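Okay, everyone, thanks for coming. Today I'd like to talk about charged side chains and who they pair up with.

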Amino acid sequence: MSSLHSPNQNHLLAALPAAEFERLSPHLELVPLLLGEILYEPGGQMQHAYFPTTAIVSLHYVMESGASAETAGVGYEGVVGIALFMGGDTTSSSAVVQTAGHAYRLEGRLLKQEFNRAGLLQGLLLRYTQALMTQMSQTAACNRHHTVEQQLCRWLLLTLDRMATNELVMTQELVANMLGVRREGITEAAGRLQQAGIISYRRGHIAVLERSGLETRACECYAVVKKELARLLSDVLYRQSPTAVAV
């Protein structure tokens, strides 16, 4: 494995006891994830699970019309492919790379094999799944009841939590697709945030200048998601300290 990358950058892998990690370690494959890459599509048979380190993956639901909206995001705190160990093997959603980076890929059969040992990994994955379900349900409520500006602030904060930088490579059109809103709505909301000195936007790049401003303008949904993840995984003892900033 490259010295520039380590499985310990992913919180779930870093939390495994030595014995469990050593069983999986030889099978963890470091892979680059490119912006826009599709890891799985609705109804497709899942072959691998992905443990992101520096990449962020967006889980989308796609309508018959082709319109889509993000239901949750997954970064270094989690894993993409929960249907593998939940017994479904397929899902009605898709997984698309939102922020390019790297992840460790593991064959689905090996993940299921380790999960069925009923060791610490099983408990970690189940608690993470509960946190992911909270994120999905909160996103649904947020998209229904809160303004586009509040949704944008929530989304930016959750994305920043998974990054080592304050600059996102992301067009307004892609953000609109993530939130399932019209691009004009994102343009107006981003314009207000830029006028307030909270963000700086140039084509394809969004830089957050004042995080506290985002936190002030965001709805309660951001805090709910963050607190639930912390509650479910706060007692985790890491084999080695993850290199990423804790959520």
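So, a quick definition to start: when I say salt bridge, I mean a side-chain nitrogen of Lys or Arg within 4 Å of a carboxyl oxygen of Asp or Glu. Keep in mind that this is a predicted model, where local features need pLDDT of at least 70, side-chain atom pairs count only at pLDDT 80 or more, and totals for chains, interfaces and linings use all residues. Residues are numbered from 1 along each chain as its sequence is written, and side-chain values use heavy atoms, with hydrogens and water left out.

How many salt bridges does a search of the whole structure find? Twelve.

Take Glu 149 and Arg 192: their side chains form one, at 2.8 Å from N to O. Glu 149 sits in helix H6 (residues 148-161) and Arg 192 in helix H8 (residues 183-195), so this pair ties together parts that are 43 residues apart in sequence. Helices here are DSSP runs of H or I, at least four residues, and strands are runs of E, at least two, numbered from the N terminus.

Is Glu 149 buried or exposed? Buried, at 13% relative accessibility, while Arg 192 is partly exposed at 39%. The cut-offs: buried is under 20% relative accessible area, exposed is over 50%, and partly exposed is in between, with a 1.4 Å probe and protein chains only.

Next, Arg 202 bridges to Glu 167, with the closest N and O atoms 3.3 Å apart. Arg 202 is in strand S9 (residues 199-202) and Glu 167 in strand S8 (residues 167-169), so that pair ties together parts 35 residues apart in sequence.

Finally, Arg 23, Glu 114 and Arg 117 are linked in a salt-bridge network.
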